[in-house]
Amino acid sequence: MPVTSLQGKPRPSEEAGGRWDSISRQAPGRLEEGKKAEGRMPCEALRSALRKAFRGVREQHRAWEGALAAVAPLLASLGSLAEQAQALQVADLDQSPLHSFPGLQGRLQAKHRAAAEALLGQLHQKMLPELQKTRDAMGVQVAGILLLCEGPKAELGLESSFQRWPLYPSLADMVEWLLDIERLYHQIYLEAKLLLLQVRYENLTGMQALPKAWEQVVQHSQQQQGTVEDALLKVSFFLKEAA
């Protein structure tokens, strides 16, 4: 029986909701059967690690979306500062009513630069580490599960790893979904890091384009989040029974 990969196949929320309703209607008559079947499932350590990993995915999913959303206001402020700095570069304050304030243009330029560099520092030192924290947490959990699967004390046989249960996917399916999710977070993190680390105050045009460029990163992440949501839906009973 082939492993079901979720990569690149997000489900619309309406379809997910319909599938959840269908599962819920079937659940009462199958719950006891599922409990008995779980007792016969192999590799207790692996099942425990999978539950822990998917609960972590649920928490990291919220943290990831929050971190992405927190970047947008900072980039909007950077874009606004870049517009002001460009206007200041071409302004001739000596021919304006402000000519009586000597050195004003230089002081304003220094103020804009300091504000922009403070925002860039916040992006590099706070926002990127938040995204990296989520990416790394997912990687650590997946690495631990792979060690359980491949280690010398692994209890997992080929047949049992692909066996599906009344309320739960197969162990092989769940491991594959976690690998898909880890790749997703890694890919989006690299896109975000590449974009943010390229920004310099000297490139005012690039700073103005940041908000729109970030929207593309967020949209890409949202498109791929169906992978996470679909996996969490499929393992919902697997997590619930051990709660």
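Four salt bridges were counted, a salt bridge being a side-chain nitrogen of Lys or Arg within 4 Å of a carboxyl oxygen of Asp or Glu. The model is predicted, so that local features need pLDDT of at least 70 and side-chain atom pairs count only at pLDDT 80 or more, whereas totals for chains, interfaces and linings use all residues. Residues are numbered from 1 along each chain as its sequence is written, and side-chain values use heavy atoms, with hydrogens and water left out.

One of the salt bridges joins arginine 113 to glutamate 117 at 3.0 Å, N to O. Both residues belong to helix α3, four residues apart, or about one turn of the helix; helices are DSSP runs (H or I, at least four residues) numbered from the N terminus. Arginine 113 also meets glutamate 202 in a salt bridge, at 2.6 Å, N to O. This pair links distant parts of the chain, since glutamate 202 lies in the loop between α5 and α6, 89 residues from arginine 113. Glutamate 202 is exposed, with a relative accessible area of 56%, while arginine 113 is partly exposed at 32% and glutamate 117 is partly exposed at 39%. For these classes, buried means under 20% relative accessible area, exposed over 50%, and partly exposed in between (1.4 Å probe, protein chains only).

Within helix α5, aspartate 180 and arginine 183 stand three residues apart and form a salt bridge of 2.3 Å, N to O. Aspartate 180 is buried at 0% relative accessibility, whereas arginine 183 is partly exposed at 42%. Through shared partners, salt bridges join Arg113, Glu117 and Glu202 into one network.

Beyond its neighbours within four places in sequence, leucine 50 is in contact (heavy atoms within 4.5 Å) with residues including Ile145, Leu178 and Phe238.

In the loop between α4 (158-162) and α5, serine 170 is buried, with a relative accessible area of 1%. A polar atom of the serine 170 side chain lies 3.0 Å from the backbone nitrogen of aspartate 173.

Key: Helices (H or I, at least four residues) and strands (E, at least two) are DSSP runs, numbered from the N terminus. A polar contact is a pair of N or O atoms within 3.5 Å; within protein, one must be able to donate a hydrogen and the other to accept it, and residues adjacent in sequence count only if both atoms are side-chain atoms.
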